[in-house]
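Colleague: I am new to this structure and would like to learn how to read it. Could we go through it together?

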Amino acid sequence: MRKITSTNFENEQFLVYDCPFITTLRFIGKRWKPAVLWKINEGFVRFNRLKEVLPNISDKMLSNTISELESDKIIQKEIFNEVPLRVEYKLTEFGKGILPVLTQMNEWGEKTMKQIKK
């Protein structure tokens, strides 16, 4: 257990509570979060469809990523009482606030990919 009086602990607390950049990364900073959010926004709202468009993500990683995004209130799960049961994910109003950031990241990534492929 880390001592709460340590300098490292104080530095982490500062970053978590007083740094807007770190706050943003807290929500989208893990490897698959931006890609999952981007795909959900594009309309790939079911688990298996997300797996199809993100073929390199494992089932466990996708499940964990979805769970984290749900607990952070970025996405919400909608369960349809059908046979078989249908589950879809959608961005919450809070989650839609991250779209301008993801759009900028996507545009920068597209431009950069063109440059590095030359």
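Modeller: Among contacts (heavy atoms within 4.5 Å) in the protein chain between residues at least 6 apart in sequence, 41% join residues at least 24 apart. This is a predicted model, in which local features need pLDDT of at least 70 and side-chain atom pairs count only at pLDDT 80 or more, while totals for chains, interfaces and linings use all residues. Residues are numbered from 1 along each chain as its sequence is written, and side-chain values use heavy atoms, with hydrogens and water left out.

Colleague: How many helices and strands are there, and in which pattern do they follow along the sequence?

Modeller: Helices (H or I, at least four residues) and strands (E, at least two) are DSSP runs, numbered from the N terminus. The protein chain has seven helices and two strands, and its pattern along the sequence is α-α-α-α-α-β-β-α-α.

Colleague: Which residues are buried in helix α3?

Modeller: Buried means under 20% relative accessible area, exposed over 50% and partly exposed in between, with a 1.4 Å probe and protein chains only. In α3 (residues 33-41), the buried residues are Lys 33, Pro 34, Val 36, Leu 37, Trp 38 and Ile 40, and they pack against α2 (20-28), α4 (47-53), α5, β1 (75-80), β2 (86-91) and α7 (99-116).

Colleague: Where is Thr 65, and why does Thr 65 count as buried?

Modeller: Thr 65 lies in helix α5 (residues 59-71), and it counts as buried because its relative accessibility is 4%. Leaving aside neighbours within four places in sequence, Thr 65 is in contact with Trp 32, Lys 33 and Val 36.
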